[in-house]
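Please have the structure open while reading.

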Amino acid sequence: MKLNQLTIAEASKKLQAGEITAVDLARACLDEIKKRDQDIHAYIEVFDDVEDQARAADALRQAQGKNAHPLLGIPLAIKDNILIEGRHASAASKILENYVASYDATVIKKLKGAGTVFIGRVNMDEFATGSTTESSCYGATKNPVDEARVPGGSSGGSAAAVAAHMCLGALGTDTGGSIREPAAFCGIVGLKPTYGAVSRSGLVAMGSSLDQAGPLTRSVEDAEIIFDAIRGQDPLDATTIADNVYPKPTPKKKIGVPCTLLQQGVEVDVMQKFEASLQQFKTKGFEIVDVEIPSAALALAIYYVIMPAELSSNLARYDGVRYGLALKGKDLFEDYAKSRGAGFGDEVRRRIMLGTYVLSAGYYDAYYGKAIAARAALAGEFAQALEKVDVIATPTTPTPATKIGEKTDPLSMYLLDIFTVSANITGNPALSVPMGFVAREGKQLPVGLQLTSAHGDEAALFSIGKEVEK
Ligand code: GLN
């Protein structure tokens with residue numbers, strides 16, 4: 001087996017035993033990038049000091065011995081909307097193309113503390129607005145499983161880099177499914193943590209009440225290792241929570257399934273894989289319970305009001321004065337118009353318009369006010385359902401990866417998020433784990449199983465996720 005194909009846990013053991021070095025690992029990933037990334041296009045930039053970082057990690061291991069962090073010397077890819085001091089971070093947008101981060105995101109600070117090696121920054125939908133990574137100003141990323149298909153999005157570069165063994169793990173961000181959906185499309189694991197479990201300081205904001213950073217990895221154990229390293233309360237993000245905020249539920253050996261919701265548009269063979277996974281749970285002694293979440297049918301509508309509202313105010317800061325692209329017109333207003341006009345792509349503009357519309361005085365009650373009320377109802381229904389079961393299970397997406405260029409109609413792309421947006425709306429943690437393959441045009445395409453647990457109960461996701469892997 002090649003070193004770049006190891007899981008983080010395996011590599012970490014070998015590093016600790018002195019069988020391999022961080023430099024070996026980094027080189028194996030860099031070789032794979034040379035071989036494959038011209039076709040896949042997961043990386044926007046491969047850093048020029050990767051081997052130096054790895055050498056520093058090897059030196060640190062000498063000094064730390066047994067106390068070394070499990071991520072010491074592990075090569076990770078970082079989504080382009082997470083700030084690393086002194087490096088470019090563009091959120092795959094023309095408006096930030098030349099922006100260089102002046103500080104580390106808290107998640108980066110924590111990974112640096114652990115001694116992680118950063119391989120490079122990876123592609124994404126512009127400002128994380130999409131499900132396919134096609135809205136990047138750098139062009140699309142391809143799915144390593146089938147290069148005619150999208151890797152999912154918006155963390156498509158992260159997922160593709162992990163699936164193609166061009167790193168051992170990656171950080172992504174998830175506002176409505178952007179970690180879980182690409183993980184499902186590429187056949188890997190992705191975790192959206194509890195809202196507030198991971199600091200948002202230093203992430204390029206999309207929808208602040210929805211955004212969370214999290215891991216994309218090749219095993220559940222690896223996701224847990226990264227989550228443990230990046231989580232925690234942070235004075236720089238007032239919405240972060242202490243570890244003991246939520247009570248730890250006792251395991252019930254019960255899996256909830258929202259049967260009514262699943263009648264909506266899941267492709268037949270994806271549904272079959274899902275039912276096979278439920279069958280597996282039964283043989284392992286889990287009880288399958290039908291749970292009612294009536295407002296889940298409204299989740300997409302809620303999301304596509306709240307997210308654009310928050311996005312439009314977050315993106316108001318890109319005015320050509322303080323950040324990024326600055327074009328000059330005849331007055332200040334024209335400066336704004338020119339910079340924003342040239343800097344933002346179509347999908348981002350669509351959402352800014354939608355967001356400013358739903359927030360405008362005349363429509364606030366009709367849209368934003370209603371969405372907030374429906375959000376509370378949905379959160380209540382999830383909380384109630386999760387009192388009876390350990391996790392709620394659904395397919396991560398209704399279909400496997402779609403073709404590049406297929407989702408030109410925004411509404412049909414939004415429908416891919418039907419099962420993922422709920423966890424962002426309610427703040428619950430959710431994990432996508434591979435649940436097998438379905439055939440499309442002669443290719444076997446991976447599909448994902450999504451598990452959602454109570455706030456703060458990532459432990460249930462990890463333990464049940466590991467059962468699915470077995
Ligand atoms: N696909 C969703 C969207 O387009 C989610 C994006 C995300 O999670 N960043 O908004």
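Helix α9 (residues 299-314) contributes three residues to the shell around the ligand, the most of any element. Helices (H or I, at least four residues) and strands (E, at least two) are DSSP runs, numbered from the N terminus. The model is predicted: local features need pLDDT of at least 70, side-chain atom pairs count only at pLDDT 80 or more, and totals for chains, interfaces and linings use all residues. Residues are numbered from 1 along each chain as its sequence is written, and side-chain values use heavy atoms, with hydrogens and water left out.

**Ligand site**
- The ligand is surrounded by 16 residues, and the closest are Thr175, Gly176, Ser178, Tyr303 and Arg351; a residue counts if one of its heavy atoms lies within 4 Å of the molecule.
- The shell consists of five nonpolar, eight polar and three charged residues. Here Ala, Val, Leu, Ile, Met, Phe, Trp, Tyr, Cys and Pro count as nonpolar, Asp, Glu, Lys and Arg as charged, and the others, Gly among them, as polar.
- A backbone N or O atom of Thr175 lies 2.7 Å from an oxygen atom of the ligand, and one of Gly177 lies 3.3 Å from a ligand oxygen.
- For Gly130, a backbone N or O atom is 3.0 Å from a nitrogen atom of the ligand.
- Of the 290 Å² of accessible area that the ligand has on its own, the protein covers 100% (Shrake-Rupley method, 1.4 Å probe).

**Helix pair**
- α9 packs with helix α11 (residues 346-359) at an angle of about 100°, and their axes are 7 Å apart. Axes are lines fitted to C-alpha atoms over the stretch in contact, and angles run from 0 to 180 degrees between N-to-C directions.
- The two helices, α9 and α11, are therefore roughly perpendicular (65 to 115 degrees).
- Residues making the contact (heavy atoms within 4.5 Å) include Tyr304 and Met307 of α9 and Arg351 and Leu354 of α11.
- By class, the residues of this contact are 11 nonpolar, three polar and one charged.

**Ser209**
- Ser209 sits in the loop between β5 (189-192) and β6 (212-217).
- Its side chain makes polar contacts with the side chains of Glu310 (2.6 Å) and Arg375 (2.9 Å). A polar contact is a pair of N or O atoms within 3.5 Å; within protein, one must be able to donate a hydrogen and the other to accept it, and residues adjacent in sequence count only if both atoms are side-chain atoms.

**Backbone features**
- Gly153 and Ser154 are joined by a cis peptide bond, with omega about 5°.
- Phe127 is a residue other than glycine with a positive phi, near 50°.

Conventions:
Parallel < 35°, antiparallel > 145°, perpendicular 65-115°, else oblique.
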